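Subject: Structure for your review

Hello,

Please find the structure below. My notes on what was found in it follow.

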Amino acid sequence: MKLFISIINHNHDDMIVANPTLADLAKDFTVIIKSNTPTTDALSDYCIKHRIKLIQGETVKGFGANNNEVFQYCMIELKASPLDYFLVLNPDVEIDTKSLYQLINQAQEYNADISAINLFTDRSLSTYDNSIRRYPKLLTPIKSLLGIKRNDIFDKRQIEQPIKIEWAAGSFLLFKVRCFEQLTGFDEKYFMYFEDADICTRANKHKLHVYYFPDIKAIHYASHQNRKIFSKHFAWYSLSSVRYHFKILI
């Protein structure tokens, strides 16, 4: 069993170099960075030093398309097998090697096809990242902007054992390779946002197992740029929300 870790870089060169996570993970696992923007010398040197594979993109692609490209690289160039694992990881997530080994063991124990973990937004692990959800509603973006309480977020304080969930954020998603291949990866028609909801929804419809493992913890320094109204991120978020509902739920 091997683990392949996919990180998409979009002007995150300094963040990646400053984050100790990837250098540590690359000692035990295969780490691949797909750079969606021109790579700086600092990041290039960092990858060489830590034996991280770097793919320089020629054109700007969305989240799903970039991760699909990394997956195909793993299958064709690195000879990934159906029993291996493929981790989609944001560059602003911090996790250690021991936690990943524990996650893989639990994923195997529970026969999880897609696995999510307990993400926090601070080093003290006191503030939960609302990263596991029930199926989204069409008006969710408006509720978030108006400060109205949402009912699609799991209360992590109430969860002590691994449970099946409807979907989890793409900041950290561990796939069995055969699962990702069966689902033909992310839907590339989403440029950003809802690719994660879409792929987990399709997995559940195929009777695959999407699990949340509460005792595996990591930090996610989420920026939530989609909450800034009149921004391009909010526009992408809203369009992706409409696409998701027309494709999946209607």
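Predicted model: local features only at pLDDT ≥ 70, side-chain atom pairs only at ≥ 80, totals over all residues.

Pro 20 is exposed, at a relative accessible area of 53% (exposed means over 50%, buried under 20%, and partly exposed in between, with a 1.4 Å probe and protein chains only). Its place is the loop between helix 1 (13-18) and helix 2 (21-25); helices (H or I, at least four residues) and strands (E, at least two) are DSSP runs, numbered from the N terminus.

Residues are numbered from 1 along each chain as its sequence is written, and side-chain values use heavy atoms, with hydrogens and water left out.

Backbone

Most residues other than glycine have a negative phi. Asn 11 has a positive phi, near 60°. It sits in the loop between strand 1 (3-9) and helix 1, and Asn 11 is exposed at a relative accessible area of 56%. Lys 207 is not a glycine either, and its phi is positive at about 65°. Lys 207 lies in the loop between helix 8 and strand 11 (210-220) and counts as exposed, at 69% relative accessibility.

Among the buried ones are the charged residues Glu 195, Asp 196, Asp 198 and Arg 202.

Strand 11 also has nine of its 11 residues buried, so it is largely enclosed by the rest of the structure. Its pairings are listed here (two strands pair if DSSP finds at least two bridges between them):

- Strand 6 (residues 114-120) runs parallel to strand 11 and is joined to it by seven bridges; Ile 117 has Phe 213 as its bridge partner.
- Strand 5 (residues 93-94) runs antiparallel to strand 11, with two bridges; Glu 94 is partnered by Ile 219.
- Strand 8 (residues 163-164) pairs with strand 11 in the antiparallel sense, over two bridges; Lys 164 stands opposite Tyr 211.

Aromatic rings

Rings of Phe, Tyr and Trp (its six-membered ring) pair if their centres lie within 6.5 Å; planes under 30 degrees apart count as stacked, over 60 as edge-to-face and the rest as tilted. By this rule the count comes to 12 aromatic pairs. In one of them, Phe 71 and Phe 180 have ring centres 4.5 Å apart and planes at 45°, so the pair is tilted. Phe 71 belongs to helix 4 (residues 63-76) and Phe 180 to helix 7 (residues 177-182), so this contact ties together parts that are 109 residues apart in sequence. Both of these residues, Phe 71 and Phe 180, are buried.

Phe 180 also pairs edge-to-face with Phe 186, at 5.5 Å centre to centre and 75° between the planes. Relative accessibility is 1% for Phe 180, and Phe 186 is buried at 2%. Ring pairs link Phe 63, Phe 71, Phe 86, Phe 175, Phe 180 and Phe 186 into a cluster.

Finally, the charged end of Arg 134 sits over the ring of Phe 154, 4.3 Å from its centre (a charge sits over a ring if NZ of Lys or CZ of Arg is within 6 Å of the ring centre and within 35 degrees of the ring normal).

Regards
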